[in-house]
Amino acid sequence: MEQGYEDALKRAVSECEAAETAPDKATRERHLMLAKEICEWLICEDPDQHAPLSLLGCVNFALGAYGSAMAAHALSLHLAKACGQVNNLHLYNIANTMYRTYHFEIADTLFGQAVKADPGMSDVWATYAGLMMASGQPERCEEYARKALEIDPNNVIGHYHLGFALLMQ
């Protein structure tokens, strides 16, 4: 892969990181829109690369365009499988998108695959706990939140979901 492509991908990632720490909504959206434009250009340059497609899915998710995020994550997962490069972040991203669009059963399956692929990611467990709470399963929510907190005792989402699960039981 040529250097210009790699530099552009790094720039898109930098814009996403800048969006996370932006001081206001307008600045956040500017960073995300620039990252989106870069990802779209990268996909046009080489549609067989799953990294910019996956990043585009994350950007669309952050912008609230869940349908576009779902499509991008699904295509990215398909390409990664074809290349033999699937990792739990592919599974987590599409699982989270399915969860946010109320496809709980599919999300449950995908989160299960993601934690099986790498059981050491507390954010995956914490988000999985949220899915369990949203689908009316506070016992599983508690279990998964506790797993998130075993891995990272400072995981705020894990604490939130654990507290909520304990209240609901």
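Visitor: In what order do the elements of the chain run from the N terminus on?

Guide: The model is a predicted one. From the N terminus on, its elements run α-α-α-α-α-α-α-α-α. The chain has nine helices and zero strands.

Visitor: What makes the chain as compact as a globular protein of its length?

Guide: The globule rule gives 15 Å for 169 residues, and the radius of gyration of the chain is 17 Å, which is close to that value; the chain is therefore as compact as a globular protein of that length. Along the principal axes, the C-alpha trace spans about 55 × 40 × 25 Å. Buried residues account for 43% of the 169 residues. Among contacts with a separation of 6 or more, 50% join residues 24 or more positions apart.

Visitor: Which residues of H1 are buried, and why are they said to line one face of the helix?

Guide: The buried residues of H1 are Tyr5, Ala8, Leu9, Ala12, Glu15, Cys16 and Ala19. Seen down the axis of H1, the buried residues fall within an arc of 115°, and therefore they line one face. They pack against helix H2 (25-45) and helix H3 (50-62). The face turned away from this buried side carries the exposed residues Gln3, Lys10 and Glu20.

Visitor: Why is the pair of arginine 11 and glutamate 15 called a salt bridge?

Guide: A salt bridge requires a side-chain nitrogen of Lys or Arg within 4 Å of a carboxyl oxygen of Asp or Glu. The closest N and O atoms of arginine 11 and glutamate 15 are 2.9 Å apart, so the pair meets that condition. Both residues lie in helix H1 (residues 3-20), four residues apart, about one turn of the helix. An α-helix has 3.6 residues a turn, so residues three or four places apart point the same way.

Visitor: How many salt bridges does the structure hold, and which of them links distant parts of the chain?

Guide: There are four salt bridges. One of them joins the side chains of aspartate 108 and arginine 140 at 3.1 Å, N to O. This pair links distant parts of the chain, with aspartate 108 in helix H6 (residues 104-117) and arginine 140 in helix H8 (residues 138-151), 32 residues apart. Aspartate 108 has a relative accessible area of 21% and is therefore partly exposed; arginine 140, at 24%, is partly exposed.

Visitor: What makes glutamate 142 count as buried, and with which residue does its side chain meet in a salt bridge?

Guide: Glutamate 142 has 18% relative accessibility, so it counts as buried. Its side chain meets that of arginine 146 in a salt bridge at 3.0 Å, N to O. Both residues lie in helix H8, four residues apart. Arginine 146 is partly exposed, because its relative accessible area is 39%.

Visitor: Which residues of the largest nonpolar core touch the most other members?

Guide: Of the 28 residues in the largest nonpolar core, these are Phe111, Tyr128 and Leu131. H7 gives the most to this core, with eight residues. Leaving aside neighbours within four places in sequence, tyrosine 128 is in contact with Asp108, Phe111, Gly112, Val115, Arg140 and Tyr144. Another core, of 18 residues, lies apart from the largest one and includes Ala19, Leu32, Ala35 and Leu55.

Visitor: Where does valine 86 lie, and why is it called partly exposed?

Guide: Valine 86 lies in the loop between H4 and H5. Its relative accessibility is 37%, so it counts as partly exposed. Not counting residues up to four places away in sequence, valine 86 touches Leu77, Ala80, Lys81 and Leu91.

Note on methods. Residues numbered from 1 in each chain as written. Predicted model: local features only at pLDDT ≥ 70, side-chain atom pairs only at ≥ 80, totals over all residues. Heavy atoms only, no water. Helix = DSSP H or I, 4+ residues; strand = E, 2+ residues; numbered from the N terminus. Buried < 20%, exposed > 50% of the residue type's maximum accessible area, 1.4 Å probe, protein only. Core = buried A, V, L, I, M, F, W, Y, C linked by side-chain atoms within 4.5 Å. Contact = heavy atoms within 4.5 Å. Arc of directions from axis to C-beta. Rg over C-alpha atoms; globule rule 2.2 N^0.38 Å.
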